[in-house]
Amino acid sequence: MDPLVSGLALIAMLVVALGSGVWIFVGLLLVSVAGLHFLVGMPLDRVFTIAGTITYRSASTWEMAAVPLFIWVAELIFRSSVSARLFRGLTPFVDRIPGRLLHTNVLGCTLFAAVSGSSAATTATVGKITSSELLNRGYNQNIAVGSLAGAGSLGLLLPPSIAMIIYGILAEVSVSRLFAAGVLPGLMVSGLYSGFIMLMALIRPGIAPAGHQDFGLRDYLRGALDLLPVVALMGIVLGAIYSGIATPSEAAAVGVFAAFGLLILLGELNWGLIRASLMGTVRTSTMVCIILVSASLLSTTLGYLHLPQELGAAIGAMNLDPLALIALLALFYLLLGVFVDGVAIIVMTLPMTLPLVTAAGYDPVWFGVFLVLMVEIGLLTPPVGINLFVLQGLTNWPLGRVARASVPFFLLFGLAVILLVIFPQLALWLPDQLYGK
């Protein structure tokens, strides 16, 4: 059978499987096995032998160890007072900025993203604290919820990002360089969000209640003290990576020990918290890792069908210039994000798209940042936008209303992608400075 016809048949099977409502990993496994057996013509015993080999190889990579450990750090913080201290500590520092406490969503998510690596954990943790506070204090509901949906996505971009780890494993790119590459684009997105809030506050002062609290020096010092746990944890984890003391996987273990030490100092570490955090970690880690393993088998199936090579040849025959190729891929990922979970997008498409962009002259580290930004946009698009579901649960709003509130921040993400394409050094400058070209 022609590779392109086989590839289209496989993609059609995948759309049907994921659209049927089965778990993502089940859909990936079924389509992979069916593709190898029916499209490649491989005997079932050989299919299962390959599936076992791929499963073991994918699950036993050293980089995979970082995923559950970073998720555990997020769970420990989520279930302690550290998350509440984050909101309380930011309050005096943003009170006189146009938009006032609306900025706690953006800054809180930025700081928490730098220790959690998970978008859902970032949105849920910061949202649990800020959403009710902002709505009860009279802040504009749409901007409060929309900014939280957008800024919560930074958990995938700012290090230590689980999505970056997965991309690094699949693309065989240094995870440390990817972490460094995500810093400036992440701060740029955060700045765009805060700038938008300030602009809206100047145009429509009613989005934030009038007046300001009188904060004295003691309040600022107390706020800095409340921020210290998150800042210290962030400094320990990122410092271990960028100083070369630890690899990203080892830094994840450092983060867990640092989180335990922090909770001991705060007098909050107990068996109940440890048990609850471990249960949350097991659930989330199992979901991420089993999708990654299943998608590795799908990648193998695509390889047997020679689809990446054929697709690359087909697009190459279109003689697209690099900008046109990136525009086409951006549209592709935008449409895919409407239907498919972000981790699944990365692992399913990378075998097809990475050869295309590297052949067009793009740096694979830069493409990792581009891909994660596109995945983050998918977090704000129904019907599978995870951040929208998290906020729906926090606010009890209909999903459509949460999605509409997120539209301005969705568009700002699009602007960030355009800026990244125009100025690729936004992603490449810092890793080049830290690790050389």
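Buried, in what follows, means under 20% relative accessible area. By that cut-off tryptophan 366 is buried, because its relative accessible area is 1%. The model I am showing is a predicted one.

Aromatic pairs, to begin. A pair of aromatic rings is described by the distance of the centres and the angle of the planes. Searching the whole structure gives 11 aromatic pairs. One of them joins phenylalanine 196 and phenylalanine 409; this pair is edge-to-face, with 5.4 Å centre to centre and 80° between the planes. Which parts of the chain does this pair tie together? Phenylalanine 196 lies in helix H10, residues 175–203, and phenylalanine 409 lies in helix H19, residues 399–422, so the pair links parts that are 213 residues apart in sequence. Phenylalanine 196 has 19% relative accessibility and therefore counts as buried. Phenylalanine 409 is buried as well, with a relative accessible area of 1%.

Another pair is tyrosine 362 with tryptophan 366. Here the rings are stacked, at 5.0 Å centre to centre and with 20° between the planes. Tyrosine 362 has a relative accessible area of 17%, so this residue is buried. I have already given tryptophan 366 as buried, at 1%. Tyrosine 362 and tryptophan 366 also belong to a cluster: ring pairs link them with Tyr167, Phe367 and Phe370.

What does tyrosine 167 contact, leaving aside its neighbours within four places in sequence? The contacts are Glu172, Val173, Leu178, Ile346, Leu350, Leu354, Pro364, Phe367, Gly368 and Leu371. From tyrosine 167 to proline 398, which is 231 residues away along the chain, the C-alpha separation is 33 Å.

Most residues other than glycine have a negative phi, and most peptide bonds are trans. In glutamate 172, phi is positive, near 55°. Glutamate 172 sits in the loop between helix H9, 162–171, and H10. Is this residue buried or exposed? At 75% relative accessibility, glutamate 172 counts as exposed.

A positive phi is also found at arginine 100, where the value is near 45°. Arginine 100 is in the loop between helix H5, 82–94, and helix H6, 103–116. At 10% relative accessibility, arginine 100 counts as buried.

Two packed helices are described by the angle between their axes and the distance between the axes. Take H10 with helix H17, residues 364–378: the axes come within 9 Å and cross at roughly 45°. These two helices are therefore oblique to each other. The crossing of H10 and H17 is right-handed. From H10, the residues involved are Arg177, Leu178, Ala181, Gly182, Pro185 and Val189. They meet Val365, Gly368, Val369 and Leu373 of H17.

The other packing is between helix H8, residues 141–152, and H19. Their axes are 8 Å apart, at an angle of about 55°. That angle makes H8 oblique to H19. H8 and H19 cross in a right-handed sense. Which residues make the contact? On the H8 side they are Gln141, Asn142, Ile143, Val145, Gly146, Ser147, Ala149 and Gly150. On the H19 side they are Arg401, Val402, Ala405, Ser406, Phe409 and Phe413. Phe409 is the residue already described as the edge-to-face partner of phenylalanine 196.

Arginine 401, which is among the H19 residues in that contact, also lies over the face of tryptophan 397, at 3.6 Å from the ring centre.

Alanine 17 is buried, with a relative accessible area of 15%. Neighbours within four places in sequence aside, alanine 17 contacts Val22, Gly27 and Val31. How far apart in space are alanine 17 and phenylalanine 410? The distance is 28 Å, C-alpha to C-alpha, for two residues 393 apart in sequence.

Definitions and conventions. Residues numbered from 1 in each chain as written. Predicted model: local features only at pLDDT ≥ 70, side-chain atom pairs only at ≥ 80, totals over all residues. Heavy atoms only, no water. Phe/Tyr/Trp six-rings, centres within 6.5 Å; stacked < 30°, edge-to-face > 60°. Helix = DSSP H or I, 4+ residues; strand = E, 2+ residues; numbered from the N terminus. Buried < 20%, exposed > 50% of the residue type's maximum accessible area, 1.4 Å probe, protein only. Lys NZ or Arg CZ within 6 Å of the ring centre and 35° of its normal. Axes fitted to C-alpha atoms, helices over the stretch in contact; angles between N-to-C directions. Parallel < 35°, antiparallel > 145°, perpendicular 65-115°, else oblique. Left-handed = near helix turned anticlockwise from the far one by under 90°. Contact = heavy atoms within 4.5 Å.
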